[in-house]
Amino acid sequence: MTAAITIETSFRMPSPSDARADERALVIAAQRGSSEAFAQLVRTHQRRAYAVCRAIVLTHEDAEDAVQEGFLHAFRALDRFLPDQPFGAWLYRIMANASLDLVRRRKVRDADELPDTVPMPFRDPGESDELRRRLSHALTKLTDRQRSVIVLHDLEGFTHGEIGGMLGIPEGTARSDLHHARASLRKLLKDVRSDL
Amino acid sequence: MSDIRLFSNDDDEVVRGLRSLYAAPSADGYWNELEARIMSRVADVELGWWTELDRWIRPALAAAAVLLVAAGVAMFRAHQTEAEIASESMLSSPAVPVSTAIRPALQDDREARIRFLFGR
(Lines give C-alpha, C1' and ligand atoms only; values in the text may rest on other atoms or scores of the structure.)
Protein backbone atom coordinates (compact mmCIF):
# COMPACT_ATOMS: atom_id res chain seq x y z
CA MET A 1 0.00 0.00 0.00
CA THR A 2 2.76 2.38 0.97
CA ALA A 3 4.68 1.44 -2.16
CA ALA A 4 1.58 2.04 -4.28
CA ILE A 5 1.10 5.47 -2.74
CA THR A 6 4.76 6.28 -3.29
CA ILE A 7 4.54 5.26 -6.92
CA GLU A 8 1.34 7.23 -7.36
CA THR A 9 2.84 10.41 -5.94
CA SER A 10 6.18 10.13 -7.68
CA PHE A 11 4.70 9.37 -11.13
CA ARG A 12 1.65 11.63 -11.12
CA MET A 13 0.91 13.49 -14.30
CA PRO A 14 1.81 17.18 -14.22
CA SER A 15 -1.32 19.28 -13.72
CA PRO A 16 -1.96 22.48 -15.69
CA SER A 17 -1.08 24.49 -12.60
CA ASP A 18 2.24 22.61 -12.34
CA ALA A 19 2.93 23.38 -15.97
CA ARG A 20 2.05 27.02 -15.35
CA ALA A 21 4.37 27.14 -12.35
CA ASP A 22 7.16 25.53 -14.38
CA GLU A 23 6.63 28.03 -17.15
CA ARG A 24 6.64 30.91 -14.68
CA ALA A 25 9.94 29.65 -13.28
CA LEU A 26 11.35 29.43 -16.80
CA VAL A 27 10.21 32.97 -17.59
CA ILE A 28 11.80 34.32 -14.41
CA ALA A 29 15.03 32.45 -15.15
CA ALA A 30 15.00 33.81 -18.71
CA GLN A 31 14.41 37.32 -17.37
CA ARG A 32 17.49 36.85 -15.19
CA GLY A 33 19.52 36.04 -18.29
CA SER A 34 19.33 32.25 -18.63
CA SER A 35 19.61 31.36 -22.32
CA GLU A 36 18.72 27.74 -21.56
CA ALA A 37 15.45 28.85 -19.95
CA PHE A 38 14.58 30.95 -22.98
CA ALA A 39 15.48 28.04 -25.27
CA GLN A 40 13.09 25.86 -23.31
CA LEU A 41 10.33 28.46 -23.79
CA VAL A 42 11.10 28.49 -27.53
CA ARG A 43 10.94 24.67 -27.61
CA THR A 44 7.59 24.69 -25.82
CA HIS A 45 5.90 27.38 -27.89
CA GLN A 46 7.44 27.36 -31.35
CA ARG A 47 4.89 25.02 -32.96
CA ARG A 48 1.92 27.00 -31.71
CA ALA A 49 3.72 30.24 -32.57
CA TYR A 50 4.25 28.93 -36.08
CA ALA A 51 0.53 28.10 -36.37
CA VAL A 52 -0.40 31.66 -35.35
CA CYS A 53 2.03 33.19 -37.83
CA ARG A 54 1.05 30.78 -40.59
CA ALA A 55 -2.59 31.77 -40.18
CA ILE A 56 -1.72 35.40 -40.83
CA VAL A 57 1.04 35.36 -43.44
CA LEU A 58 0.77 33.85 -46.89
CA THR A 59 3.63 31.38 -47.06
CA HIS A 60 5.50 28.88 -44.95
CA GLU A 61 8.72 30.86 -45.42
CA ASP A 62 7.07 34.06 -44.19
CA ALA A 63 5.70 32.17 -41.20
CA GLU A 64 9.22 30.99 -40.36
CA ASP A 65 10.53 34.56 -40.60
CA ALA A 66 7.68 35.87 -38.48
CA VAL A 67 8.29 33.20 -35.80
CA GLN A 68 11.95 34.18 -35.59
CA GLU A 69 11.14 37.89 -35.48
CA GLY A 70 8.45 37.23 -32.89
CA PHE A 71 10.80 35.36 -30.59
CA LEU A 72 13.40 38.11 -30.95
CA HIS A 73 10.79 40.74 -30.02
CA ALA A 74 9.73 38.58 -27.09
CA PHE A 75 13.34 38.24 -25.94
CA ARG A 76 13.86 41.99 -26.11
CA ALA A 77 10.59 42.69 -24.29
CA LEU A 78 10.97 39.93 -21.71
CA ASP A 79 11.88 42.37 -18.93
CA ARG A 80 8.52 44.07 -19.34
CA PHE A 81 6.53 40.83 -19.09
CA LEU A 82 4.86 40.15 -15.74
CA PRO A 83 5.51 36.48 -14.93
CA ASP A 84 2.08 36.06 -13.31
CA GLN A 85 0.40 36.60 -16.68
CA PRO A 86 -0.03 33.70 -19.13
CA PHE A 87 3.15 33.65 -21.19
CA GLY A 88 1.52 31.95 -24.19
CA ALA A 89 -1.11 34.62 -24.70
CA TRP A 90 1.54 37.35 -24.49
CA LEU A 91 3.85 35.52 -26.86
CA TYR A 92 1.15 34.81 -29.45
CA ARG A 93 0.14 38.45 -29.51
CA ILE A 94 3.76 39.29 -30.29
CA MET A 95 3.79 36.60 -32.98
CA ALA A 96 0.60 37.99 -34.51
CA ASN A 97 2.08 41.51 -34.53
CA ALA A 98 5.29 40.25 -36.15
CA SER A 99 3.19 38.49 -38.79
CA LEU A 100 1.00 41.53 -39.45
CA ASP A 101 4.14 43.68 -39.81
CA LEU A 102 5.54 41.21 -42.29
CA VAL A 103 2.31 41.14 -44.30
CA ARG A 104 2.34 44.96 -44.43
CA ARG A 105 5.97 45.01 -45.57
CA ARG A 106 5.24 42.41 -48.25
CA LYS A 107 2.30 44.44 -49.51
CA VAL A 108 4.41 47.58 -49.79
CA ARG A 109 7.19 45.65 -51.52
CA ASP A 110 4.80 43.91 -53.91
CA ALA A 111 3.07 47.18 -54.70
CA ASP A 112 6.44 48.74 -55.49
CA GLU A 113 7.95 45.89 -57.43
CA LEU A 114 5.20 43.80 -58.96
CA PRO A 115 2.21 46.02 -59.63
CA ASP A 116 0.66 43.78 -62.27
CA THR A 117 1.08 40.37 -60.74
CA VAL A 118 -0.77 38.57 -57.98
CA PRO A 119 1.56 36.47 -55.82
CA MET A 120 0.70 32.84 -55.27
CA PRO A 121 -0.53 32.95 -51.71
CA PHE A 122 0.26 29.51 -50.43
CA ARG A 123 3.24 27.25 -50.50
CA ASP A 124 2.02 24.20 -52.25
CA PRO A 125 4.88 21.71 -52.54
CA GLY A 126 3.11 18.50 -53.47
CA GLU A 127 -0.26 19.82 -54.43
CA SER A 128 -1.66 17.64 -57.09
CA ASP A 129 -5.28 17.33 -56.27
CA GLU A 130 -7.80 19.71 -57.63
CA LEU A 131 -9.65 20.31 -54.39
CA ARG A 132 -6.60 21.62 -52.58
CA ARG A 133 -5.69 23.86 -55.47
CA ARG A 134 -9.15 25.32 -55.61
CA LEU A 135 -9.32 25.56 -51.88
CA SER A 136 -6.18 27.66 -52.00
CA HIS A 137 -7.82 29.81 -54.62
CA ALA A 138 -11.02 30.14 -52.58
CA LEU A 139 -9.00 31.31 -49.58
CA THR A 140 -7.47 34.09 -51.63
CA LYS A 141 -10.96 35.49 -52.12
CA LEU A 142 -11.22 36.16 -48.38
CA THR A 143 -9.74 39.27 -46.84
CA ASP A 144 -6.46 38.81 -44.94
CA ARG A 145 -8.24 39.22 -41.64
CA GLN A 146 -11.08 36.85 -42.50
CA ARG A 147 -8.58 34.21 -43.56
CA SER A 148 -6.57 34.66 -40.36
CA VAL A 149 -9.67 34.52 -38.19
CA ILE A 150 -11.05 31.37 -39.83
CA VAL A 151 -7.72 29.53 -39.61
CA LEU A 152 -7.02 30.62 -36.05
CA HIS A 153 -10.51 29.65 -34.96
CA ASP A 154 -11.47 26.64 -37.00
CA LEU A 155 -8.10 25.01 -37.41
CA GLU A 156 -6.09 26.18 -34.40
CA GLY A 157 -8.92 26.39 -31.89
CA PHE A 158 -8.35 29.90 -30.54
CA THR A 159 -11.35 31.65 -29.03
CA HIS A 160 -12.86 34.83 -30.48
CA GLY A 161 -11.42 36.78 -27.55
CA GLU A 162 -7.94 35.37 -28.06
CA ILE A 163 -8.11 36.09 -31.78
CA GLY A 164 -9.31 39.63 -31.08
CA GLY A 165 -6.38 40.12 -28.70
CA MET A 166 -3.89 38.80 -31.24
CA LEU A 167 -5.15 40.77 -34.21
CA GLY A 168 -5.93 43.93 -32.26
CA ILE A 169 -9.66 43.86 -33.00
CA PRO A 170 -12.69 43.66 -30.69
CA GLU A 171 -14.03 40.19 -29.93
CA GLY A 172 -17.28 41.04 -31.73
CA THR A 173 -15.36 41.95 -34.87
CA ALA A 174 -13.51 38.64 -34.74
CA ARG A 175 -16.87 36.89 -34.41
CA SER A 176 -18.39 38.73 -37.36
CA ASP A 177 -15.25 38.22 -39.48
CA LEU A 178 -15.53 34.52 -38.80
CA HIS A 179 -19.18 34.50 -39.78
CA HIS A 180 -18.50 36.29 -43.08
CA ALA A 181 -15.44 34.17 -43.81
CA ARG A 182 -17.39 30.99 -43.32
CA ALA A 183 -20.24 32.23 -45.52
CA SER A 184 -17.83 33.26 -48.30
CA LEU A 185 -15.86 30.03 -48.14
CA ARG A 186 -19.02 27.93 -48.12
CA LYS A 187 -20.25 29.72 -51.22
CA LEU A 188 -16.90 29.45 -53.01
CA LEU A 189 -16.41 25.81 -52.11
CA LYS A 190 -19.93 24.89 -53.06
CA ASP A 191 -19.03 25.80 -56.64
CA VAL A 192 -15.76 23.91 -56.38
CA ARG A 193 -17.37 20.79 -55.04
CA SER A 194 -20.12 20.80 -57.63
CA ASP A 195 -17.39 20.92 -60.31
CA LEU A 196 -15.49 17.95 -58.87
CA MET B 1 -13.32 27.41 -28.33
CA SER B 2 -16.51 27.52 -30.31
CA ASP B 3 -18.26 24.26 -31.11
CA ILE B 4 -19.65 25.69 -34.34
CA ARG B 5 -17.47 24.47 -37.14
CA LEU B 6 -17.09 25.65 -40.66
CA PHE B 7 -17.93 22.39 -42.28
CA SER B 8 -20.18 19.49 -41.52
CA ASN B 9 -18.82 15.97 -41.17
CA ASP B 10 -19.49 15.43 -44.87
CA ASP B 11 -16.82 17.94 -45.63
CA ASP B 12 -13.97 16.09 -43.97
CA GLU B 13 -12.11 16.15 -47.22
CA VAL B 14 -12.25 19.93 -47.35
CA VAL B 15 -11.17 20.22 -43.74
CA ARG B 16 -8.30 17.88 -44.46
CA GLY B 17 -7.40 20.07 -47.42
CA LEU B 18 -7.39 23.16 -45.22
CA ARG B 19 -5.34 21.41 -42.57
CA SER B 20 -2.81 20.26 -45.11
CA LEU B 21 -2.51 23.78 -46.51
CA TYR B 22 -1.75 25.13 -43.06
CA ALA B 23 0.06 22.11 -41.66
CA ALA B 24 3.19 22.81 -39.70
CA PRO B 25 6.22 20.68 -40.54
CA SER B 26 6.13 17.52 -38.45
CA ALA B 27 9.77 16.43 -38.47
CA ASP B 28 11.54 16.99 -35.14
CA GLY B 29 14.66 17.90 -37.05
CA TYR B 30 12.91 20.90 -38.55
CA TRP B 31 11.90 22.23 -35.12
CA ASN B 32 15.33 21.62 -33.65
CA GLU B 33 16.84 23.54 -36.50
CA LEU B 34 14.34 26.39 -36.14
CA GLU B 35 15.03 26.57 -32.40
CA ALA B 36 18.76 26.69 -33.13
CA ARG B 37 18.22 29.54 -35.61
CA ILE B 38 16.10 31.47 -33.11
CA MET B 39 18.62 30.99 -30.31
CA SER B 40 21.45 31.99 -32.62
CA ARG B 41 19.66 35.27 -33.37
CA VAL B 42 18.97 35.75 -29.66
CA ALA B 43 22.68 35.22 -28.98
CA ASP B 44 23.45 37.86 -31.61
CA VAL B 45 21.18 40.27 -29.75
CA GLU B 46 22.95 39.49 -26.47
CA LEU B 47 26.33 39.70 -28.16
CA GLY B 48 25.20 42.92 -29.77
CA TRP B 49 24.86 44.53 -26.36
CA TRP B 50 28.30 43.37 -25.32
CA THR B 51 29.84 44.43 -28.60
CA GLU B 52 28.21 47.82 -28.27
CA LEU B 53 29.46 48.10 -24.70
CA ASP B 54 32.93 46.96 -25.75
CA ARG B 55 32.91 49.55 -28.52
CA TRP B 56 32.26 52.29 -25.96
CA ILE B 57 34.65 51.06 -23.28
CA ARG B 58 37.91 52.32 -24.82
CA PRO B 59 36.69 55.84 -25.66
CA ALA B 60 35.05 56.00 -22.24
CA LEU B 61 38.29 54.97 -20.49
CA ALA B 62 40.28 57.49 -22.56
CA ALA B 63 37.78 60.23 -21.75
CA ALA B 64 37.90 59.33 -18.06
CA ALA B 65 41.72 59.47 -18.10
CA VAL B 66 41.70 62.89 -19.79
CA LEU B 67 39.16 64.13 -17.23
CA LEU B 68 41.28 62.84 -14.37
CA VAL B 69 44.42 64.58 -15.69
CA ALA B 70 42.46 67.81 -16.26
CA ALA B 71 40.99 67.65 -12.76
CA GLY B 72 44.46 67.01 -11.28
CA VAL B 73 45.97 69.96 -13.15
CA ALA B 74 43.08 72.20 -12.09
CA MET B 75 43.44 71.17 -8.44
CA PHE B 76 47.22 71.74 -8.54
CA ARG B 77 46.76 75.18 -10.06
CA ALA B 78 44.09 76.10 -7.54
CA HIS B 79 46.35 75.03 -4.69
CA GLN B 80 49.28 77.01 -6.17
CA THR B 81 47.12 80.11 -6.55
CA GLU B 82 45.94 79.84 -2.94
CA ALA B 83 49.53 79.55 -1.74
CA GLU B 84 50.57 82.56 -3.80
CA ILE B 85 47.71 84.68 -2.46
CA ALA B 86 48.53 83.63 1.11
CA SER B 87 52.21 84.48 0.75
CA GLU B 88 51.40 87.79 -0.94
CA SER B 89 49.02 88.73 1.85
CA MET B 90 51.69 87.86 4.42
CA LEU B 91 54.28 90.01 2.66
CA SER B 92 51.99 92.99 2.17
CA SER B 93 50.67 93.14 5.79
CA PRO B 94 49.89 96.71 7.19
CA ALA B 95 52.55 98.65 9.18
CA VAL B 96 50.06 99.67 11.84
CA PRO B 97 49.63 97.22 14.76
CA VAL B 98 46.68 94.99 14.29
CA SER B 99 45.02 95.79 17.56
CA THR B 100 45.17 99.49 16.89
CA ALA B 101 43.98 99.01 13.41
CA ILE B 102 41.10 96.80 14.41
CA ARG B 103 39.43 98.52 17.28
CA PRO B 104 40.85 102.02 17.87
CA ALA B 105 37.53 103.21 19.14
CA LEU B 106 37.31 100.33 21.65
CA GLN B 107 40.76 101.20 22.99
CA ASP B 108 39.68 104.81 23.43
CA ASP B 109 36.54 103.75 25.29
CA ARG B 110 38.46 101.51 27.63
CA GLU B 111 41.01 104.28 28.36
CA ALA B 112 38.21 106.72 28.93
CA ARG B 113 36.51 104.34 31.36
CA ILE B 114 39.78 103.72 33.26
CA ARG B 115 40.47 107.42 33.43
CA PHE B 116 36.95 108.01 34.55
CA LEU B 117 37.22 105.41 37.34
CA PHE B 118 40.64 106.50 38.58
CA GLY B 119 39.79 110.12 38.21
CA ARG B 120 36.88 109.88 40.63
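Accessible areas were computed by the Shrake-Rupley method with a 1.4 Å probe, and for residues only the protein chains shown count as cover. On this basis chain A of the predicted model exposes about 10,600 Å², and carbon and sulfur atoms supply 54% of that area. Residues are numbered from 1 along each chain as its sequence is written, and chains are lettered from A in the order in which they are written. In this predicted model, local features need pLDDT of at least 70, side-chain atom pairs count only at pLDDT 80 or more, and totals for chains, interfaces and linings use all residues, while side-chain values use heavy atoms, with hydrogens and water left out.

Chain A contains 9 helices and 0 strands; helices (H or I, at least four residues) and strands (E, at least two) are DSSP runs, numbered from the N terminus. Of its 196 residues, 43% are buried, where buried means under 20% relative accessible area, exposed over 50%, and partly exposed in between (1.4 Å probe, protein chains only). Among the contacts of chain A with a separation of 6 or more, 66% join residues 24 or more positions apart, a contact being heavy atoms within 4.5 Å.

Between the two chains, 42 residues of chain A are in contact with 32 residues of chain B. The size of an interface is often given as the accessible area lost when the parts come together. Here the buried area (accessible area, 1.4 Å probe, that two parts lose on being put together, summed over both) is about 3,600 Å², and 62% of it comes from carbon and sulfur atoms. In chain A, the residues losing the most area to chain B are Arg47(A), Gln68(A) and Leu155(A), together 17% of what that side buries.

The chains are joined by 4 salt bridges, each a side-chain nitrogen of Lys or Arg within 4 Å of a carboxyl oxygen of Asp or Glu. One of them links Arg37(B) and Glu64(A) (3.5 Å, N to O). Helices H3 (35–56), H4 (60–77), H6 (130–140), H7 (144–155) and H9 (171–195) of chain A each supply at least two residues of the side that touches chain B. The largest share, 10 residues, comes from H3(A).

Helix H7 of chain A also holds His153(A). This histidine is buried, with a relative accessible area of 0%. The side chain of His153(A) makes a polar contact with the side chain of Asp154(A) at 2.9 Å; a polar contact is a pair of N or O atoms within 3.5 Å, and within protein one must be able to donate a hydrogen and the other to accept it, with residues adjacent in sequence counting only if both atoms are side-chain atoms.
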